[in-house]
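Welcome! Here is a short tour for someone meeting this structure for the first time. Please take a look at it before reading on.

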Amino acid sequence: MSISTAAGVFDAIAAGPSEGRPVLLLHGFPQTRLVWRRQIAALAAHGYRVVAPDQRGYSPGVRPERPEDYRISVLVEDVLTLTEELGWTSFDLVGHDWGGAVAWWTADAHPDRVRTLTVVSTPHPGALATTLRTDPDQRERSRYMLDWRETPATEERMLANNADKLRAAYAGKIPQDNAEAYVRHLSQPGALTAALNWYRAGRPEGAIGVIDVPTLYVWSTEDTAFGPAAARETGRWVSGPYRFEILEGVSHWVPEEAPETLSRLLGEHLRADGEYGITTNTPAVDSCRK
């Protein structure tokens, strides 16, 4: 399906009955809406109305050239605009990687709209900021973000030799057809630059606080981008019902590497009535500035 907005047209996958409880799924880098195929099928089969858009820069119809057009406030506004176009006054929000970061910020800014929050891999931005200051391991893991702000050198490296470096990012952990679809998508003129502009947009404006909507956070032990310190710190940034799940031996690419496990956890979270497993609900601070 396509969703028309003032910013342009977003491409999306939609499934499930139109009257079903609405769920929005946000992908990260370097992927597309296809990352959620297995979760979309599972949720739709249980009666949810599921929409997974290609986000700003990934949808050809919403691909501005300037890095500042990918600021976090703009990305959050996209979420609100998309759900308003869909007629959703409230919704369950799910995000992975950069989609997870947008999900955290959206839940903080608009808790009246977000019924539940599920974030895969990406720690709360406040937890990440804390560990970037205090944990050498996380600083080393995050060094790639500085490198990817180079332009056009990063694009040239990633797309050289038939996009060998881009393919290597998936580390053989995701289905081959998905990996090839991502490479084709990001090899379109301007697509990779738009995706990398998420890293080049600068620091978020303002502060993010403690999340008070019901939250599921899923982290995997073989994630090379986000280490255990930030993952465990995240619980201190959630004051609402909180469930923290650790997937042993799974890499960063959780939705595709462990699809059945993630679909089960997501389904449990959406059905939960305040019953959560692992909880760490003591807020660390009131807000974070990065």
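The crossing of helices α1 and α12 is right-handed, meaning that the near helix is turned clockwise from the far one by less than a right angle. This is a predicted model, in which local features need pLDDT of at least 70 and side-chain atom pairs count only at pLDDT 80 or more, while totals for chains, interfaces and linings use all residues. Residues are numbered from 1 along each chain as its sequence is written, and side-chain values use heavy atoms, with hydrogens and water left out.

**Helices α1 and α12**

- The axes of α1 and α12 (residues 259-271) come within 9 Å and cross at roughly 40°; axes are lines fitted to C-alpha atoms, for helices over the stretch in contact, and angles run from 0 to 180 degrees between N-to-C directions.
- The two helices α1 and α12 are therefore oblique to each other (under 35 degrees counts as roughly parallel, over 145 as roughly antiparallel, 65 to 115 as roughly perpendicular, and the rest as oblique).
- From α1, Arg38, Gln39, Ala42 and Leu43 meet Pro259, Glu260, Leu262, Ser263, Leu266 and Leu270 of α12, where contact means heavy atoms within 4.5 Å.
- Sorted by class, the contact of α1 with α12 has six nonpolar, two polar and two charged residues.
- Helices (H or I, at least four residues) and strands (E, at least two) are DSSP runs, numbered from the N terminus.

**The sheet**

- Eight strands form an open sheet with mixed pairing, in the order β1-β2-β4-β3-β5-β6-β8-β9; two strands pair if DSSP finds at least two bridges between them.
- At the edges are β1 (2-5) and β9 (242-251), each pairing on one side only.
- From one strand to the next, the twist averages 20°.
- Strands β6 (residues 114-120) and β8 (residues 215-222) pair in the parallel sense over four bridges, and Leu117 stands opposite Thr215 in β8.
- Strands β3 and β4 run parallel and are joined by three bridges, with Val23 opposite Val50 in β4.

**What is covered**

- Both faces of β3 are covered, with Pro22, Leu24 and Leu26 buried on one side and Val23 and Leu25 buried on the other (buried means under 20% relative accessible area, exposed over 50%, partly exposed in between, with a 1.4 Å probe and protein chains only).
- Helix α2 (residues 72-85) lies across β1, β2 (8-15), β3 (22-26), β4 (49-53) and β5 (91-96), at about 110° to β1.
- Helix α8 (residues 176-186) has several buried residues, including Tyr182, Val183 and Leu186, and its buried residues pack against α1 (37-45), α7 (153-168), α9 (191-200) and α11 (254-257).
- Gly8, in strand β2, is buried with a relative accessible area of 15%.
- Leaving aside neighbours within four places in sequence, Gly8 is in contact with Ile3, Gly61 and Val62.

**Backbone details**

- Most residues other than glycine have a negative phi, and most peptide bonds are trans.
- The peptide bond from Phe29 to Pro30 is cis, with omega near -5°; Pro30 is found in the loop between β3 and α1.
- Another cis peptide bond joins Thr151 and Pro152, with omega about 0°, and Pro152 is in the loop between α6 (143-147) and α7.
- Asp97 has a positive phi of about 55°; Asp97 lies in the loop between β5 and α3 (98-109) and is buried, with a relative accessible area of 7%.
- Ala163 has a positive phi of about 60°; Ala163 lies in helix α7 and is buried, with a relative accessible area of 3%.

Note on methods
Ala, Val, Leu, Ile, Met, Phe, Trp, Tyr, Cys and Pro count as nonpolar, Asp, Glu, Lys and Arg as charged, and the others, Gly among them, as polar.
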